[in-house]
Amino acid sequence: MRTTERQRCRLGVTSLAGIARCIDHATLPQSFERLLGLFDRLDELVANDDFRGCRNFASDVALEDPDHPAHAETEGFRRRLRERLMRELEAMDHADPERAADQLHLLIEGTLVMGATQDDRHPARAARDMAALILGRGGAPWR
């Protein structure tokens, strides 16, 4: 059985690294749709009964030693994610891509944390609506 691009993306979004890959492999033509589509994938992920949170975030919280090598790995993932968000925002000529990348990153990580800690909620749906505001397209309601 052949795995579709969307399935690979959905299966790979268990960490910030998977999220960045999701953006890279999106087939949507515009940066705006790719970025909002990311929140659609996040909703599928955190709504899954098997979802237990982001491994990178869990590592950062569990490993108290700031010099532990895992922290360098998670920081690398976050840096690459932010760089990818910046590229998308610059491609759409966003007025303030650095600030918007920080805001979107906060929404992504917040979605993963809330998705792991709250049952029967859809934080990615609220985050998607907020992302639409950040992207300058005003409260696009959840489909």
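Predicted model: local features only at pLDDT ≥ 70, side-chain atom pairs only at ≥ 80, totals over all residues.

Residues are numbered from 1 along each chain as its sequence is written, and side-chain values use heavy atoms, with hydrogens and water left out.

The protein has 7 helices and 0 strands, so its pattern along the sequence reads α-α-α-α-α-α-α. Here helices (H or I, at least four residues) and strands (E, at least two) are DSSP runs, numbered from the N terminus. Of the 143 residues, 42% are buried, where buried means under 20% relative accessible area, exposed over 50%, and partly exposed in between, with a 1.4 Å probe and protein chains only. Among contacts (heavy atoms within 4.5 Å) with a separation of 6 or more, 59% join residues 24 or more positions apart.

The largest nonpolar core has 26 residues. Such a core is a set of buried Ala, Val, Leu, Ile, Met, Phe, Trp, Tyr and Cys residues joined through side-chain atoms within 4.5 Å. F39, L42, L104, I108 and L112 have the most contacts inside this core. Two or more residues come from each of α3 (31-47), α5 (69-91), α6 (97-117) and α7 (123-134), and α3 gives the most, with 8 residues.

Helix α6 has 21 residues and reaches 30 Å from its first C-alpha to its last, close to the 30 Å expected at 1.5 Å a residue; the expected span is 1.5 Å times one less than the number of residues. Its buried residues include L104, H105, I108, E109, T111, L112 and G115. An α-helix has 3.6 residues a turn, so residues three or four places apart point the same way.

Which residues does T111 contact, leaving aside its neighbours within four places in sequence? They are L42, V46, P123, A124 and A127. T111 lies in helix α6 and counts as buried because its relative accessible area is 2%.

On the surface, F57, V61 and V113 form a nonpolar patch with about 230 Å² of accessible area together. Accessible areas come from the Shrake-Rupley method with a 1.4 Å probe; for residues, only the protein chains shown count as cover. F57 lies in helix α4 (residues 55-62) and counts as partly exposed because its relative accessibility is 34%.

Technical notes. Patch = residues over 30% accessible without salt bridge, like charges linked within 9 Å, V, L, I, M, F, W, Y side chains within 5 Å. Salt bridge = Lys/Arg side-chain N within 4 Å of Asp/Glu carboxyl O.
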